[in-house]
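Here are a few exercises to work through with the model open on your screen. Try each task before you read its solution.

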Amino acid sequence: MFSKEESKRRREEFWTSFGQEYSRKWILYNTKIKEIQFKFSFDRKRAMVSLDIDAEDELIRAYYFEKIQSLRTILKSEYLPEVILDEEFELPEGKIVSRVYVLLNEKVSINNKKDWPKVKAFFDENMHQLELFWFQFKDFITS
């Protein structure tokens, strides 16, 4: 077990090292659509790459999710075969978002430095594919 301070230091060290090793410019919050963000998530149990649709208006969230869901076959066959589409994903704080995501299929922990190389490679490969999908279909999704 790590103290809160040690755990915080390890998280900071992971994200700093990831940014240094994979220094490309990721989309993340720069989608130009305030309700859509790309995210990396890594904690003590799992690693995930996601596209989150976070809109206070449920109709807006449902609209964007429906558009992405209509592209599900293409998304799975050409970009991310393991993608999961969840219209009502509950965040730890209880907020509901729509999430399109890929999980690393093995248990990993941000506190275990031995897991870091595989998580970094997973992030790079899957976020790259998610971004390619976004660039290809952004106009359709947002129209």
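**Exercise 1: a loop serine**

Ser109 sits in the loop between β4 and α4; helices (H or I, at least four residues) and strands (E, at least two) are DSSP runs, numbered from the N terminus. Before going on, note that this is a predicted model, where local features need pLDDT of at least 70, side-chain atom pairs count only at pLDDT 80 or more, and totals for chains, interfaces and linings use all residues. Residues are numbered from 1 along each chain as its sequence is written, and side-chain values use heavy atoms, with hydrogens and water left out.

Task: does Ser109 count as buried or exposed?

Solution. Start with the cut-offs: buried is under 20% relative accessible area, exposed is over 50%, and partly exposed lies in between (1.4 Å probe, protein chains only). Ser109 has 15% relative accessibility, so it counts as buried. Next, look at contacts (heavy atoms within 4.5 Å): leaving out residues up to four places away in sequence, Ser109 touches Phe42, Asp43, Arg44, Asp115 and Trp116.

**Exercise 2: the sheet**

Task: work out the order of the 4 strands in the open sheet.

Solution. Strands pair if DSSP finds at least two bridges between them. Take β2 (residues 47–53) and β4 (residues 96–103): 6 bridges join them, and they run antiparallel. One of the partners is Leu103 in β4, bridged to Met48.
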